[in-house]
Amino acid sequence: MIKFFVEGGLPWMSVLTIEFIGVLLAAWKAPGWVKEAGLIALTTGILGTVLGVFQASDDIVQARGIAPWIIWAGMKVALMTTLYGIIIYFVSLIIRIFQKPRLL
């Protein structure tokens, strides 16, 4: 788990972890904000991926003749932030399902 966190990039994964804590706190203190906090985490994860791919594309253009497996290894790392954001959003949706009033 720590390897996943470090490979995803410490700055982005740290922000996403703080947002995950925000989702959990919202579930406890402000249930109406759970979905929005999850959406913020999802958006942050996608933003981290887009910026990572953008930075990697600059490096790929400068270094000609890179093997395809290196590019795909970089894509795997870039997509970790999106995966983490999706997981946080999924948790927020599950919390919302359990918080909704049930019909008898």
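I began with the packing of helix H2 in this predicted model, and found that the buried residues of H2 pack against helix H1 (2-7), H3 and H4.

I then listed those buried residues of H2, which are Met-13, Leu-16, Glu-19, Val-23 and Ala-26. They cover an arc of only 130 degrees around the axis, which puts them on the same side of H2. I noted as background that an α-helix has 3.6 residues a turn, so residues three or four places apart point the same way.

Turning to the face of H2 directed away from its buried side, I found the exposed residues Pro-11, Ile-18, Trp-28 and Lys-29 there. Two of these I looked at together: Lys-29 lies over the face of Trp-28, at 4.6 Å from the ring centre. I also looked for aromatic pairs, and the count came to 0.

I checked the length of H2 next: its end C-alpha atoms are 28 Å apart, which agrees with the 28 Å that its 20 residues should span at 1.5 Å a residue. For H3 (residues 34-62), with 29 residues, I noted a reach of 43 Å from first C-alpha to last, close to the 42 Å expected at 1.5 Å a residue.

In H3 I recorded several buried residues, among them Val-34, Ala-37, Ala-41, Gly-45 and Thr-49, and the buried residues of this helix pack against helix H2 (10-29) and H4.

Last, I looked up Thr-82, which lies in helix H4 (residues 68-99). Its relative accessibility is 15%, so Thr-82 counts as buried, the cut-off for that being under 20%. Leaving aside residues up to four places away in sequence, Thr-82 touches Gly-45, Ile-46 and Thr-49; of these, I had already noted Gly-45 and Thr-49 among the buried residues of H3.

Technical notes: Residues numbered from 1 in each chain as written. Predicted model: local features only at pLDDT ≥ 70, side-chain atom pairs only at ≥ 80, totals over all residues. Heavy atoms only, no water. Helix = DSSP H or I, 4+ residues; strand = E, 2+ residues; numbered from the N terminus. Buried < 20%, exposed > 50% of the residue type's maximum accessible area, 1.4 Å probe, protein only. Contact = heavy atoms within 4.5 Å. Phe/Tyr/Trp six-rings, centres within 6.5 Å; stacked < 30°, edge-to-face > 60°. Lys NZ or Arg CZ within 6 Å of the ring centre and 35° of its normal. Expected span 1.5 Å × (residues − 1). Arc of directions from axis to C-beta.
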